[in-house]
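Me: I would like to learn how features of a model can be read, one after another. Could you take me through them slowly?

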Amino acid sequence: MSGVQEAVSRWESQRSFDELGRPLRDITFCVVDLETTGGSAEGGSMITEIGAVKVRGGEVLGEFQTLVNPHTEIPAFIAVLTGISNSMVADAPPIESALPAFLEFAAGTVLVAHNAPFDIGFLRYFAEQQGRAWPRFEVLDTARLARRVVTRDDAPNCKLSSLAKAFNSATTPNHRALSDARATVDVLHGLMERLGGVGVHTLEELQTFSSRVTSAQRRKRHLAEALPHAPGVYLFRDERSRVLYVGTSRDLRTRVRSYFTASETRSRMGEMVGIATTVDGIECATALEAEVRELRLIAEHKPRYNRRSRFPEKVHFVKLTREPWPRLSLVRRVLDDDADYLGPFASKKTAEKCLAALHETFPVRQCSDRLPRDPAASGRAPCVLADMGRCLTPCDGRVDDATYAAVVRQLRDSLLHRPDEVVETINAKMAALAADERFEEAGVHRDRLAAFVRAASRTQRLSALTRCPEVVAARREDDGRWAVHVIRHGRLAAAGVIPAGADAHSYVATLRLSAETVAAAPGPVPAASAEETEKILRWLESPGIRLVDVDGEWTCPVAGATRHLAIHDAVNQSRLSLVPFAERRALTTLHQPAR
C-alpha cells in the first residue's frame with residue numbers, strides 16, 4: 001500500500017459516523033415489543049412475552065417470539081388486555097433463559113420500539129438483574145419520531161394502532177408481542193419513506209430529524225435577547241398584543257431562543273412563531289412558581305396555541321348528597337353544603353364511568369328528585385331498577401331508613417377512606433365475565449374501576465393538602481440556595497429564595513407575612529385548580545423537602561385508593577404506546593405506592 005493510500009485509509013477510519021452517515025438501506029434493525037404484567041420493572045412487573053423482527057433494506061431477515069413465565073399471577077386486567085393467561089405461560093421459559101436468547105438474536109442491530117423507554121427499560125432492568133452487561137445498542141423510538149412527522153391530518157394520535165392504520169400496515173396491533181412488532185416494522189418503513197422525500201437517507205439524519213425552520217423564524221431570534229437567564233413564564237403575543245402561547249422554563253432566554261432553531265419540532269409552534277411579534281417574560285423566584293403562574297395565565301388568556309390547561313373550570317364531580325335519602329349525582333361545582341365530593345374529572349364521560357362503578361357496588365337510589373322522609377306515603381311506584389335488584393327502593397318502603405343509612409355510610413367510607421368494597425365487587429364481576437370469555441364487557445368494568453380508583457386517590461390526596469390552612473416548605477436547589485414556598489389551602493401563596501448570608505428564620509417570617517390571603521372553602525380543590533395543587537404536591541413529595549411548618553394535619557388514609565393505582569397505571573401503560581393528542585389535556589397526577 002502506498003503512502004497516499006495509507007493516509008486516505010487512516011482518514012476514513014477516523015471520520016465520525018456523523019460525517020460518514022450510514023445509509024438506512026444498510027442498517028439492520030431489530031424491532032422489538034414486550035408484553036408485561038405491569039408498567040414498571042422496578043415496581044415488580046414482569047415480562048410475559050417478547051416479540052421481535054429483524055429487517056434490513058425492507059427485507060425481513062428473521063423473527064423471534066417467546067412467551068415468558070413471570071413466576072407470578074398475571075392480573076385479570078392484563079389478561080383481558082393481552083389474552084395471555086396464567087395457563088399459557090406455565091410451561092414457558094423464564095426471563096433468565098428468554099433474555100439471553102433475545103440478545104443473541106438482536107446482536108449487532110439497531111433496536112427499534114414504539115415508546116422505546118418502556119420496552120428497552122424492561123430489557124435493561126432484567127439484564128442488570130442477571131448480571132449481564134447491556135450491549136451498546138443504538139435505539140430508535142418510532143413513537144418519538146412519529147411525533148415529529150405525523151400530523152392530525154395523518155392520524156388522530158400517535159398510538160401504534162393509529163399509525164399502523166395510517167401507514168396501511170399488513171398487521172393489526174393486538175397487544176401480542178410479535179404482531180405489535182410486525183406492525184411497528186410497517187410504521188418504521190412508513191416513516192422512513194415519508195422522510196426520504198425530504199432528504200433523510202442516513203441513520204444519523206433519522207435520529208436527529210426535526211421540522212425545518214424557515215428563514216422567517218430564524219430572523220425573529222432577537223425577540224429572546226431581552227429575556228433573562230432565569231426561571232419564569234414567557235408569553236408570545238401577536239401584533240394586537242393578544243396572547244398566542246404561554247410557556248415556562250428554568251432559563252427564559254435559552255428556552256425562547258429554541259423556538260427559532262431546529263430544536264423546536266412542533267409544527268403548530270412554527271405557525272405560532274410566524275404570527276408572533278413580541279415575547280414577554282415574567283421572572284419568577286422558583287421553578288414551581290413559574291409552573292403555577294403558567295397555569296393561571298393559560299386559564300386567564302386561553303391562548304389558541306396552548307392545548308392543555310385552558311379550561312380548568314370545565315370539570316365534573318361526583319356528589320354524595322346530604323338529604324333524607326342520599327344519592328349520587330354529577331355536578332359542575334363544589335358547594336358549601338356539607339356533601340361529599342369525588343373528583344374533579346376532566347371529562348363527563350370519565351365521571352360517568354366512576355358513577356357506574358359506585359352504582360354497581362352500592363344500590364342507592366338513582367332517581368334525581370328529592371324524597372320526603374316517608375316516601376312510601378306518597379304512593380309512588382318503584383322504577384325498573386327496583387325490579388332489577390339494583391336499587392333499595394326507599395320510594396315504596398321496601399327499605400327502612402336505618403338500613404339505607406348503613407349502605408350510605410359504606411359508600412361514604414369508600415369515597416373518602418377505603419375503596420376495597422368497590423374494588424372487590426368490580427374485580428369479581430370482571431373475573432366472571434373474563435371466565436365466560438366476555439372480554440369486551442369485562443373491559444367496560446375495568447375502565448369503570450380505573451376511573452373510580454383514580455378519582456378516589458386524587459380526591460384523597462388533594463383534600464389532604466387543601467384542608468391545611470398553611471404549609472411552609474423549603475428545599476435546597478442545585479445552586480445551594482434554599483427555595484421556600486408558602487401553600488395555603490392547596491394554593492401557592494408565596495415563593496422565594498433565601499439570599500446568601502440572610503437569616504433564614506427572618507426571611508421565612510417575612511415571606512409568610514407577604515403571602516396571599518387564601519380563604520378556606522369546601523371541597524378538594526376550591527382555592528386553586530386541581531392541576532396547580534397537584535404540581536404543588538409533586539414538589540412537596542420530591543426528594544430533599546424540609547417542612548418548615550404545617551398548620552393542620554396533612555395526612556392521607558393508609559388504606560386509601562392510592563395503593564390500588566399501580567395495576568391501573570400498568571394497564572393504561574400497556575394500552576397506550578403514547579399519550580394521544582386528544583388526551584393531553586387530562587390533568588396529571590403523581591402516584592406513590594403506600595409505604
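Me: How many salt bridges does the structure hold?

Reply: This is a predicted model, in which local features need pLDDT of at least 70 and side-chain atom pairs count only at pLDDT 80 or more, while totals for chains, interfaces and linings use all residues. Residues are numbered from 1 along each chain as its sequence is written, and side-chain values use heavy atoms, with hydrogens and water left out. A salt bridge is a side-chain nitrogen of Lys or Arg within 4 Å of a carboxyl oxygen of Asp or Glu, and the structure holds 29 of them.

Me: Which side chain meets E313 in a salt bridge, and which parts does the pair tie together?

Reply: The partner of E313 is K302, at 3.7 Å from N to O. Both E313 and K302 lie in the loop between α14 and β9 (316-320), so the pair ties together parts that are 11 residues apart in sequence. Helices (H or I, at least four residues) and strands (E, at least two) are DSSP runs, numbered from the N terminus.

Me: Are R327 and E323 buried or exposed?

Reply: Buried means under 20% relative accessible area and exposed over 50%, with partly exposed in between, for a 1.4 Å probe and protein chains only. Both R327 and E323 are buried, and they form a salt bridge whose closest N and O atoms are 3.4 Å apart. By contrast, D338 counts as exposed at 56% relative accessibility, and R322 as partly exposed at 42%. R322 and D338 form a salt bridge too, with their closest N and O atoms 3.9 Å apart; the pair links distant parts of the chain, R322 being in the loop between β9 and β10 (328-331) and D338 in the loop between β10 and β11 (340-345), 16 residues apart.

Me: What span should helix α14 have, and which of its residues are buried?

Reply: The expected span of a helix is 1.5 Å times one less than its number of residues. For the 15 residues of α14 (residues 287-301) this gives 21 Å, which agrees with end C-alpha atoms that are 21 Å apart. An α-helix has 3.6 residues a turn, so residues three or four places apart point the same way. In α14 the buried residues include L288, V292, L295 and I298. Contact means heavy atoms within 4.5 Å, and the elements against which the buried residues of α14 pack include β6 (232-237), β13 (482-488) and α21 (530-540).
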